[in-house]
Amino acid sequence: MALNSPRVSRALSAFDHISHRWVAMPMRDPNRAPTNQRPSPSHPVNAPVVGRQSLLDDVSLRRAAGMSLRDPNAPATTQRPSPPHESRPVNVGRQRLSLVTWNINAGGWKHVERAERIVSHILEGPKCPDILLLQEVVSPVREFLLGDARIRSRFLTTDAEDETAFKGVPFATMTLLSNKRFGSSFTEKNDHRDDGRGDSEGGPIKMEIDSVFRMDLPSRYKRDVLCINIHHPAVPDAILRLLNVHMDSLNSQFRRALQMVTMASLLREPRCKGGIIAGDFNANHPDDHTLVDRYRLVDAWTALHGSTTGPEGATWGVGVELPWGRGCKPGRLDKVVMLGLQPNEIEVLKPGYINASTPWSDHCGLHCTFTI
C-alpha cells in the first residue's frame with residue numbers, strides 16, 4: 001500500500017487558556033481531491049512482491065507502491081529548489097523558517113525525563129524553531145508535551161485530540177508548529193501577520209494551515225507519514241507539504257525505498273508545489289543515500305556541506321555508548337530533504353546526559369533553516 005492508502009484526517013490543535021484544554025482548529029478535509037486530481041481509493045491495495053535485485057529499479061518500486069509509472073526524474077520547473085535570485089510577488093516576500101527534527105528514543109528508560117531535557121534544550125536555546133518534528137514519541141511523553149506550559153503558550157500541535165496514532169504501535173510521530181508563524185484561515189482571518197516579527201513593509205506573514213493527515217507507508221513496523229498541508233504564500237490554491245517520518249529500520253532497504261518513492265510522489269501531486277520530508281530515515285545502507293538524488297530531491301546537509309559520508313553529519317552513534325550500538329560506526333540516519341525550497345543552514349544538535357550512562361537519546365537532532 002502506498003499513495004492509494006487511506007489518508008486519515010487528523011487535527012492541529014491550539015491550547016485555549018480560558019477553557020484550559022487543547023482545541024482542534026477547523027481544517028479543510030485532506031481527502032477532498034482537487035478538480036485535477038483523482039480521490040484516493042477508500043481501501044489500500046496490497047503491494048506485490050518485488051525481488052531484492054530490483055531495489056533501486058524505478059519501475060518495480062513504483063509498481064510495488066501502486067503508483068503511476070511516469071518517470072519520477074522528469075523535470076518539473078515549478079518543483080526544483082528555488083534559486084536565490086528567483087523573484088516572488090512583492091506583496092508576499094520570501095519567508096524564512098526554521099525546523100528541528102529529533103528522534104527522542106522510545107527505548108531504555110526515563111522517557112519523560114529525557115524528553116523534557118531535549119525539549120528544554122530546543123525551546124530555551126538561542127534558535128528556538130518554528131517547526132518541531134519528533135519521532136519515537138511514547139504515550140507518557142505525549143502527555144508531557146501536551147502539559148508543558150511552554151508548548152501550550154507557543155505551539156500548535158498534532159495528536160492532541162486523541163491517542164489514535166499511538167494505538168497498536170510502540171511509538172508515533174508528533175509535529176509542533178509555532179503559533180506566531182502558523183495559523184488557520186478559519187480562525188485567524190484578521191491576523192495573518194507575525195506579531196512582533198513582521199510589518200506592513202513585507203515582513204514575515206503567518207503561514208496558513210490547510211489540512212493534516214496520516215497515511216500508512218509500506219512497512220513491517222506499521223510506520224506512517226504525518227503530513228501537514230500549508231498554503232503556499234505565493235501560489236494561489238497551492239500547498240506545500242511538511243512530512244514527518246520515521247522510516248523502517250535495520251535490514252529494510254527495500255521498504256525504505258518504497259517509503260521514499262511514496263513520499264517523493266506526495267510532494268509532486270498536482271496541487272502540491274513541494275515541501276519537506278524530515279525525520280529518521282534510518283539510512284544505514286549505502287543504497288539509502290542514493291534515494292534522495294534518484295527522486296530529484298535536495299538533501300539539506302549535502303547541499304550546504306557537500307559531504308554525504310563524513311563524520312560531521314552523523315546523527316546516530318555520536319559520542320553515545322549503548323549496548324545495542326556497540327560495534328556500529330556513527331551514521332547519518334536523520335535527514336532534512338526538500339523540494340522547491342531553499343536550504344539556508346543546517347547543524348547537528350548533540351544530546352546531553354541525564355547521568356553518566358543515560359543520554360537524552362541515541363540520536364542527535366538537526367536544526368535547519370530554509371526559505372520559501
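His232 sits in the loop that links strand 10 (224-231) to strand 11 (239-246); strands here are DSSP runs of E with at least two residues, helices are runs of H or I with at least four, and both are numbered from the N terminus. With a relative accessibility of 10%, His232 counts as buried, a term that means under 20% relative accessible area, with a 1.4 Å probe and protein chains only. The side chain of His232 also comes to 3.0 Å from the backbone nitrogen of Ala234.

Please note that this is a predicted model, in which local features need pLDDT of at least 70 and side-chain atom pairs count only at pLDDT 80 or more, while totals for chains, interfaces and linings use all residues. Residues are numbered from 1 along each chain as its sequence is written, and side-chain values use heavy atoms, with hydrogens and water left out.

Turning to the whole protein, there are seven helices and 18 strands. Of its 372 residues, 55% count as buried.

Next, I consider helix 3 (residues 139-147), where Val141, Arg142, Phe144, Leu145 and Leu146 are buried. These buried residues pack against several elements, among them helix 2 (111-123), strand 5 (131-137) and helix 4 (149-154); contact here means heavy atoms within 4.5 Å.

Finally, how many aromatic pairs does the structure hold? It holds one. The ring centres of Phe15 and Trp22 lie 5.5 Å apart with the planes at 70°, so this pair is edge-to-face; rings pair if their centres lie within 6.5 Å, and planes over 60 degrees apart count as edge-to-face. Phe15 and Trp22 are both buried.

Technical notes
Buried means under 20% relative accessible area, exposed over 50%, partly exposed in between (1.4 Å probe, protein chains only). A polar contact is a pair of N or O atoms within 3.5 Å; within protein, one must be able to donate a hydrogen and the other to accept it, and residues adjacent in sequence count only if both atoms are side-chain atoms. Rings of Phe, Tyr and Trp (its six-membered ring) pair if their centres lie within 6.5 Å; planes under 30 degrees apart count as stacked, over 60 as edge-to-face and the rest as tilted.
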